Amino acid sequence: MKIIADENMPNAQRLFSGLGDVTLVSGRDLTNDMLADAEVLLVRSVTKVNEALLAGSSIKYVGSATIGTDHIDKSYLAKQGIGFNSAPGCNADAVADYVFSSLAHLYLNKGLNWLDATIGVIGQGNVGKTVAARFVKLGCNVTVYDPLVQSSVTGVTQGTLEEVLGADVVCLHAPLTRTGDYPSFDMINAQSVANLRAGQTIISAGRGGVINEEALMARFDELNGALNLVFDVWHQEPTPNMAFARICDIATPHIAGYSKQGREKGTWQIYEAMCKYFDLNVRSSFSESISRGSIESLSLSKQLSPLEFLSRAMLAIYDPSRDSNRFLRVMTSGQLKPFDWLRKHYVERDEFSTCVISAPSYEQQLMALGFKKAFEK
Ligand SMILES: NC(=O)c1ccc[n+]([C@@H]2O[C@H](COP(=O)([O-])OP(=O)(O)OC[C@H]3O[C@@H](n4cnc5c(N)ncnc54)[C@H](O)[C@@H]3O)[C@@H](O)[C@H]2O)c1
Ligand SMILES: O=C(O)[C@H](O)[C@H](O)COP(=O)(O)O
């Protein structure tokens with residue numbers, strides 16, 4: 001069986017070469033003629049999988065090692081009888097780590113006391129629930145908006161979009177949709193953005209286009225820069241509006257889900273799903289496919305205040321300013337295809353869950369943030 005796989009899928013060669021003949025390709029440059037005699041196509045979010053790509057090919061199965069599926073024409077696949085799986089939840093913890101590390105950065109750099117802030121979360125799927133649950137366990141007041149499901153997170157309040165947008169910290173985790181009863185494209189439009197007030201924090205790590213960037217730039221100016229902005233996803237990828245990126249506290253090239261473990265879990269989920277689809281034996285295991293962290297345990301000073309303790313713990317594992325600084329530098333450096341280059345050459349990071357922090361007085365909060373429990377070591 002001939003398998004075409006995106007070169008940015010970790011472990012793809014190791015896992016899938018046991019199932020067929022694997023060719024690695026650049027996902028953004030994939031064309032119809034490259035698929036002529038292939039049966040399996042394994043992609044990431046940069047490949048538009050639709051009739052134009054697949055017509056006349058012998059593809060029987062498509063796997064996307066991602067949570068989002070807005071790049072896939074699922075109804076075309078279904079009509080053609082082509083099997084499909086994505087990797088639900090694979091990088092939900094990675095995105096949650098990104099959100100909380102960004103708040104840690106805002107605390108240490110701007111004094112933002114997010115532990116006492118009101119929190120709004122848009123979208124209650126795998127990512128939105130993970131983020132909301134962490135805030136609830138930390139004792140925060142959390143309101144969520146999801147018009148399609150009742151949140152299963154105990155302790156959150158279900159609110160309207162306007163109510164959630166009124167929170168001190170607003171986290172966006174809706175998928176990008178343009179049809180249906182609740183399309184998310186431009187859902188937070190110029191009118192909603194005009195109501196944002198000084199001091200609010202917007203964290204956008206779902207998909208670009210859900211919040212209106214032009215309107216946000218205008219509101220930022222009206223408020224004399226008194227908004228905290230953390231943006232990982234952009235309306236125009238891979239050529240984001242750099243004038244907007246420059247006003248963000250944290251600006252990154254769509255890497256919120258790029259923990260080492262999150263990307264490995266994505267490949268693993270597709271490997272298992274594909275074995276099931278073709279009724280093939282699974283010849284590897286989850287544990288040998290997911291890396292351990294490089295910092296297994298840490299000890300921090302007991303002198304720190306609670307917020308400083310938690311912030312320094314998170315930033316020790318992942319400091320998003322390293323990605324933000326690199327993003328702003330490389331995007332304007334003359335590098336060819338800088339957005340894709342940054343993602344391809346990403347300096348991977350570990351998830352909080354790979355590290356134990358020994359601090360009995362903070363154990364509950366550290367576990368709420370996803371750190372490993374001491375006895376799990
Ligand atoms: N930045 C990144 O690296 C990164 C990583 C993972 C996922 N994502 C994005 O985040 C999105 C959410 O991930 P997930 O795992 O929670 O997906 P999911 O499919 O598990 O859940 C999506 C949720 O959003 C809700 N939703 C749909 N339309 C909505 C709307 N208009 N307003 C509010 N909620 C709406 C759905 O009801 C569902 O509960 C993905 O679709 C993906 O695009 C980004
Ligand atoms: O949808 C997802 O899972 C994420 O957005 C994912 O991190 C995208 O990564 P990509 O496929 O673009 O490499």
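How far apart do the end C-alpha atoms of residues 116-256 lie, and how much of the span is helix and strand?

1. The end C-alpha atoms of residues 116-256 are 24 Å apart, and the span is 26% helix and 18% strand. Helices (H or I, at least four residues) and strands (E, at least two) are DSSP runs, numbered from the N terminus. An unreviewed UniProt entry annotates residues 116-256 as "domain: D-isomer specific 2-hydroxyacid dehydrogenase NAD-binding"; such annotations may be inferred rather than shown by experiment.

2. A word on the model: it is predicted, and local features need pLDDT of at least 70. Residues are numbered from 1 along each chain as its sequence is written.

3. Now to an open sheet of 5 strands, ordered E2-E1-E3-E4-E5 with parallel pairing (two strands pair if DSSP finds at least two bridges between them). Strand E2 (21-25) and strand E5 (83-85) are at the edges with a single partner strand each, so one side of each has no neighbour in the sheet.

4. Within this sheet, 3 bridges link E1 (residues 2-6) with E3 (residues 40-43), running parallel. Ala5 sits opposite Leu42 in E3.

5. Do look at helix H13 (residues 320-331): its 12 residues reach 16 Å from first C-alpha to last, close to the 16 Å expected at 1.5 Å a residue (1.5 Å times one less than the number of residues). Its buried residues (under 20% relative accessible area, 1.4 Å probe, protein chains only) include Phe327, Val330 and Met331. The buried residues of H13 pack against several elements, among them helix H4 (92-110) and helix H12 (306-317), with contact meaning heavy atoms within 4.5 Å.

Conventions: Chains are lettered from A and ligands numbered from 1 in the order in which they are written. This is a predicted model: local features need pLDDT of at least 70, side-chain atom pairs count only at pLDDT 80 or more; totals for chains, interfaces and linings use all residues. Side-chain values use heavy atoms; hydrogens and water are left out. Buried means under 20% relative accessible area, exposed over 50%, partly exposed in between (1.4 Å probe, protein chains only).
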